[in-house]
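Hello,

Here is the structure we talked about handing over. My notes on rings and helices follow below it.

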Amino acid sequence: MSTNFQIRLPDSIENLPINEEYVFITENGQERRLKLHNYGEIYSIPGLYNYLAVEKLAYRSHQVMATLLTENLKNSGESVEELKLLELGAGSGLFGQEVAQLGVKSIIGIDIVPEAAEATQRDSPGVYENYFVEDLTQLSKSTSDFLKEKKLNGFVCCSALSEGHIPVKAFATGMNLIQNQGWVLFNVAKTSYECEDNCPEFVNFYRQAVEKGYLKIHSTEFYLHRRFLNGKPLEYVAILAKKQINIPV
């Protein structure tokens, strides 16, 4: 892959928390520090997100989740081509690219980061039917009406639900935009999935949604999400469910 930047890892990364991970990037002879969670800046540099996530950190959630969704649809006797997906936190379009290659024809993306939409247009042209730069917790009426008219039957949030990322209200709002018995696909860290005390807010939310009958779990898959900068594995769990009824927001 040809790039217009050079990446250098910091000298000490052994115990760096995931939300503090950073690299040094050099462009036009100038080096600066760049946090991996500074999505706006990373998306704005062509090729950088894919280089860091896929090539350097072995990120593979987009592949695992796209396969889990499409294989379960086929096994359930449903048509992949008839799936109408809403993807929350669509980023630069990695999941969209993957699921489109597996036969999904209709994907609508939404992300709060403007640079994500720009990166998608640049790196994944034609993958998304529409891509909205909006906050689902404050969704505009025009976008809400548009999405409701689409009769969506699938909702995905790939690798965007950890602490400090997409809030529970946004996820619940997105889930309510799809039809009952529609597919709901998301992922969480394995440590969060298995937690018993002081669990993350989203984990408490989805467990209660299952207990109260808003969601019905269909399938789960444990896998390597990516590696930390120091090479240690970060394990995740992909969760595929069926929406039963709207959840109170």
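Which residue lies over the face of Tyr-22? Arg-33 does, at 3.7 Å from the ring centre. A charge sits over a ring if NZ of Lys or CZ of Arg is within 6 Å of the ring centre and within 35 degrees of the ring normal. The charged end of Arg-8 sits over the ring of Phe-24, 4.3 Å from its centre.

The model is predicted, so local features need pLDDT of at least 70, side-chain atom pairs need 80 or more, and totals for chains, interfaces and linings use all residues. Numbering starts from 1 along each chain as its sequence is written, and side-chain values use heavy atoms, without hydrogens and water.

Aromatic pairs next. Rings of Phe, Tyr and Trp (its six-membered ring) pair if their centres lie within 6.5 Å; planes under 30 degrees apart are stacked, over 60 edge-to-face, the rest tilted. The count comes to 15 pairs. Tyr-43 and Tyr-49 are tilted, because their centres are 5.3 Å apart and their planes at 50°. Phe-202 and Phe-205 are also a tilted pair, at 5.7 Å and 40°. One aromatic cluster holds Phe-155, Phe-171, Phe-186, Phe-202, Phe-205 and Tyr-206.

Val-168, Phe-171 and Ala-172 in H7 meet Glu-201, Phe-202 and Phe-205 in H9. Helices here are DSSP runs (H or I, at least four residues), numbered from the N terminus.

Best wishes

Conventions: Contact = heavy atoms within 4.5 Å. Helix = DSSP H or I, 4+ residues; strand = E, 2+ residues; numbered from the N terminus.
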